[in-house]
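Visitor: I would like to go through the terms used for this structure and hear what stands behind each of them.

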Amino acid sequence: MDYLLEELGGLPFRYEQIARLIRRSASLVDELSSGSEFSPKEVVRMVDMLQAILNLTFCECGLAKFVPELIPENPQTAWDVTVPPDFEKALSALPLNLLELKELLFERLGLSKTCRPHPEGASICHHCNFALERVAEKAHSLMQRDIVDGRNPNYLLGFDRWPDFPTLARRAKNGCKFCEFVRGTLQSLRIDPQEFGGLPVLISLRFLWGRDNLVGIAVMLHRGIDPTGASVGHRKEFYIESMDDTIVAALRLNRARRKNPLDPANIVMVQENLKSSTTLNKPSESPRFVPRRLIDLGPSRNSAPILVTLDNRTWVEYATLSYCWGPPDDVAKQSKTTRDTIEAHRNGIPRDAMSAVIRDAIVVCKTFNIRYLWVDALCILQGDLEDWQEQSSHMSDIFGNSYLAICPVASSSCVEGFLDDRPGSVIKLGYKSHNGSGVNGWFSLWPGPFDQRKPLDYSIDSLGPLIHDIALSPWSQRGWVYQEKCLSPRKLYFGRNQVHYQIGDKVLSENGHVEILSKQDNRMHREWPKDVTMEYLASHKHPKDYWYELAEQVALLKWTVRSDFFPSISGLAIRFQKVIGSHYLAGIWANDLHCGLLWIIKSIRVNSMSRRPESVQVLLDELKSERSQVGPSWSWAGDRSGRLEFLMSTRTNFRCRIRSHLRPEFTVLESNSQVNGANPFGKLQTASLRLSGRVVVPKIEKVGRRYLISRKEDGLLAVLQLDWGYQHEPPEIDLDSPARLLMLLVSSCCSDSPVSDPTMRRASPEPYTRDPLEIKINLVYKARYERSYFEDSSREGCSACTDPDAQRDVWGLLLHTAEHSGAFYRVGAFVSRAEQGGMKLFNDAEERTIELL
């Protein structure tokens with residue numbers, strides 16, 4: 001990039017400069033082909049400049065960020081660029097010029113077709129070596145500062161045709177093991193034949209940098225050059241690791257994983273950390289909680305496990321097992337304690353009768369001298385509803401007081417163990433520096449955890465190794481696991497790639513990586529193990545909002561038995577209630593209904609198979625069905641298809657200006673919830689909510705591809721967020737019977753925006769729209785409110801809140817009539833800012849009694 005900046009005189013570039021440079025590279029190709037004298041340094045400089053231009057086209061923003069003259073005077077979208085024909089022709093020639101220059105350079109220097117940079121590494125061609133010997137180089141600071149993914153440089157390997165990749169095949173035949181590996185990798189990608197059929201494709205390597213070190217290599221496939229940055233691309237990622245100390249230090253790599261999870265070095269790591277935190281579970285008071293039943297593994301390594309019953313006067317250190325039971329066929333093989341087997345288990349539990357995951361958990365306990373183990377299948381009477389209800393109400397104590405939670409995230413079923421040797425690396429490569437430093441050694445590539453179809457939030461370089469191991473594992477998707485991993489003070493994860501030990505929010509991985517979860521960014525993955533210790537919750541300034549944050553993660557999970565939803569988070573609810581001090585209504589706190597009722601369902605990224613109902617009728621059928629009766633329609637805890645998002649949150653731009661200034665605009669007439677069994681936070685039997693509030697009949701219309709609004713004759717509007725999909729035109733709503741839908745006002749908050757002509761203003765996220773109505777709709781997004789949301793002030797001291805004439809932002813629910821009079825299902829939500837109408841929408845609204853089902 002430095003060569004390019006020097007050659008073109010710095011930013012901004014002009015497209016004619018770039019076209020001229022590409023034409024000059026073609027002349028250099030001709031000179032090398034003719035046998036003329038040449039300067040290797042000049043060729044390398046040209047290759048570097050061409051590669052820099054190519055990298056700019058790979059950026060999300062494309063070349064237009066650096067060549068602003070490509071942007072038309074009145075762009076309609078962020079990707080709207082105008083590319084002159086001569087410039088487009090020059091760009092199309094760039095990849096071939098780049099590759100031919102390197103090929104001719106190797107030939108003129110008299111190099112053999114392959115090389116072996118280190119005796120332990122594979123034989124590779126010089127195209128691959130040219131890229132791999134630059135593996136330690138980060139992208140230019142200009143890219144790192146301004147570009148998404150800019151810290152990760154790309155190097156072109158080939159310009160080929162999918163799916164046979166004849167160029168890679170030729171190099172592989174000549175002895176390049178890496179080209180053979182890359183070709184096999186690309187052919188393994190799941191690609192629609194129509195996407196690349198017959199078209200030339202660009203093949204490149206991307207070196208993936210974490211915060212402090214090089215963590216991986218991505219094999220990239222692009223469909224030609226697109227100046228807008230919108231080129232269709234696929235990638236397959238690989239970890240880069242080494243046991244060569246010289247290379248680990250020089251290239252800032254992670255040390256290679258050990259062959260077995262219980263490698264002596266891993267055992268020492270865990271033992272040292274357990275020793276440093278042993279005081280956390282010592283009894284500070286008497287009596288101290290212990291589970292009713294535990295598996296006693298005995299005093300020696302060969303002792304037979306037995307089921308024992310303890311009381312609170314006997315305190316022991318015990319481990320818990322957090323695992324997946326798996327499909328029904330595997331569950332049938334699981335050893336269980338029942339009324340019929342409990343006496344036999346008190347005399348001994350045969351090891352060969354235990355499932356593989358429990359046998360491995362016993363090995364872990366023996367390794368770390370933990371005598372007692374709690375496993376749900378053996379410590380809860382299976383098939384006994386009374387015992388299950390009683391024990392499930394103690395999950396907060398069972399996991400919260402465990403010495404160590406064993407988490408076999410690599411196991412997807414009770415019949416799968418997790419202590420087998422791991423598979424080896426996919427290829428070993430040599431490295432020899434090209435800058436004269438003399439560094440020489442080897443490294444290996446290991447399969448990455450994510451395929452090319454997953455969102456880049458899950459890229460190797462964007463998350464730590466713990467999340468790599470658990471992000472897509474069945475374990476992390478299991479509903480019961482969520483509170484188990486949150487409640488346990490110490491966790492030992494056995495992943496497919498590494499062993500990880502967690503104490504509090506600190507995670508240590510076997511390769512030496514240390515992750516502080518509280519310093520992670522705000523991506524709302526379900527995998528983050530949240531801190532729910534009583535000390536943390538008691539000191540949290542906004543525990544209700546923290547609950548909603550956990551709820552958004554919980555809503556992404558899966559349950560074999562959907563009615564287990566509330567029992568599976570009851571341990572968390574117990575802890576939060578001690579701090580919040582409010583009645584618990586189907587996952588919402590009674591003293592915060594004006595916030596807890598305001599949630600929406602958005603398109604989901606984590607599980608692409610989950611979609612919102614395609615019509616309002618399908619949604620209503622689901623709400624009425626027995627299968628969906630986990631919670632009422634107004635609770636976020638129902639059977640939802642999509643990603644849950646609370647409107648009052650720092651994670652959304654629908655939020656209010658100041659959380660403490662948000663006030664309810666309804667009166668609760670009656671609220672009640674009843675559960676089945678002894679667990680007061682357990683399986684929901686009924687939940688009722690009767691309100692008195694202002695309602696209006698919506699007048700719905702669709703605007704563009706993104707929005708549904710309700711607009712009055714005077715132009716006042718609200719933006720609707722439906723619980724069902726509305727891709728079809730017109731929206732699947734019975735507009736002939738609008739009275740079937742109502743908008744119920746729930747909350748309002750003071751606004752900092754003057755009520756003027758909003759069509760004169762622009763608002764994100766649609767900066768290029770010229771439609772006055774869309775500009776007005778976009779005012780619903782208030783990104784700036786993130787700064788003021790948790791401002792410490794009261795409504796009483798706010799002039800806008802005490803002024804009865806001041807306009808306010810409003811939020812509410814979209815309701816659909818039910819079978820009996822006065823009863824409604826919640827089917828969506830709405831927002832209206834003061835500039836869009838806000839409280840004025842309800843100036844003449846009818847006050848009604850509403851029963852929410």
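Guide: What follows takes the terms one by one.

Guide: This is a predicted model, in which local features need pLDDT of at least 70 and side-chain atom pairs count only at pLDDT 80 or more, while totals for chains, interfaces and linings use all residues. Residues are numbered from 1 along each chain as its sequence is written, and side-chain values use heavy atoms, with hydrogens and water left out.

Visitor: What makes a stretch a helix or a strand here?

Guide: Both are DSSP runs numbered from the N terminus: helices are H or I with at least four residues, and strands are E with at least two. Helix α22, for example, covers residues 543–554, and helix α24 covers residues 570–580.

Visitor: Why is α22 called roughly antiparallel to α24?

Guide: Axes are lines fitted to C-alpha atoms, for helices over the stretch in contact, and angles run from 0 to 180 degrees between N-to-C directions. The axes of α22 and α24 come within 10 Å and cross at roughly 165 degrees. Angles under 35 degrees count as roughly parallel, over 145 as roughly antiparallel, 65 to 115 as roughly perpendicular and the rest as oblique. The value for this pair therefore makes α22 roughly antiparallel to α24.

Visitor: Which residues of α22 and α24 meet?

Guide: P543, K544, Y546, W547 and L550 of α22 meet L572, A573, F576, V579 and I580 of α24; contact means heavy atoms within 4.5 Å. By class, this contact has nine nonpolar, no polar and one charged residues. Ala, Val, Leu, Ile, Met, Phe, Trp, Tyr, Cys and Pro count as nonpolar, Asp, Glu, Lys and Arg as charged, and the others, Gly among them, as polar.

Visitor: What makes α20 oblique to α24?

Guide: α20 and α24 pack at an angle of about 45 degrees, with their axes 8 Å apart. That value makes α20 oblique to α24. Here Y482, Q483, C486 and L487 of α20 meet S570, G571, L572 and R575 of α24. The classes in this contact are four nonpolar, three polar and one charged.

Visitor: Which handedness has the crossing of α7 and α8?

Guide: The axes of α7 (residues 166–173) and α8 (residues 177–188) come within 8 Å and cross at roughly 145 degrees. Their crossing is left-handed: the near helix is turned anticlockwise from the far one by less than a right angle, where clockwise would be right-handed. L168, A169, R171 and A172 of α7 make the contact with C179, E180, V182, R183 and L186 of α8. These residues divide into six nonpolar, no polar and three charged.

Visitor: How do you know that β16 and β17 pair?

Guide: Two strands pair if DSSP finds at least two bridges between them. β16 (residues 499–503) and β17 (residues 506–509) have four bridges, in the antiparallel sense. Y501 stands opposite L508 in β17. Two residues lie between the strands of this hairpin, where G504 takes a positive phi near 65 degrees.

Visitor: How many bridges join β17 to β18?

Guide: Three bridges join β17 to β18 (residues 514–516), and these strands run antiparallel. K506 stands opposite I516 in β18. This hairpin has four residues between the strands, and G512 takes a positive phi near 95 degrees.

Visitor: Why is the pair of W388 and W480 called edge-to-face?

Guide: Rings of Phe, Tyr and Trp (its six-membered ring) pair if their centres lie within 6.5 Å; planes under 30 degrees apart count as stacked, over 60 as edge-to-face and the rest as tilted. For W388 and W480 the centres are 6.1 Å apart and the planes make 85 degrees, hence edge-to-face. W388 lies in α16 (residues 385–392) and W480 in α20 (residues 479–487), so the pair ties together parts that are 92 residues apart in sequence.

Visitor: Where is the residue with a positive phi although it is not a glycine?

Guide: F165 has a positive phi of about 50 degrees, and F165 is found in the loop between β3 and α7. P163 is found in the loop between β3 (154–161) and α7, and a cis peptide bond with omega of about 5 degrees joins W162 and P163.
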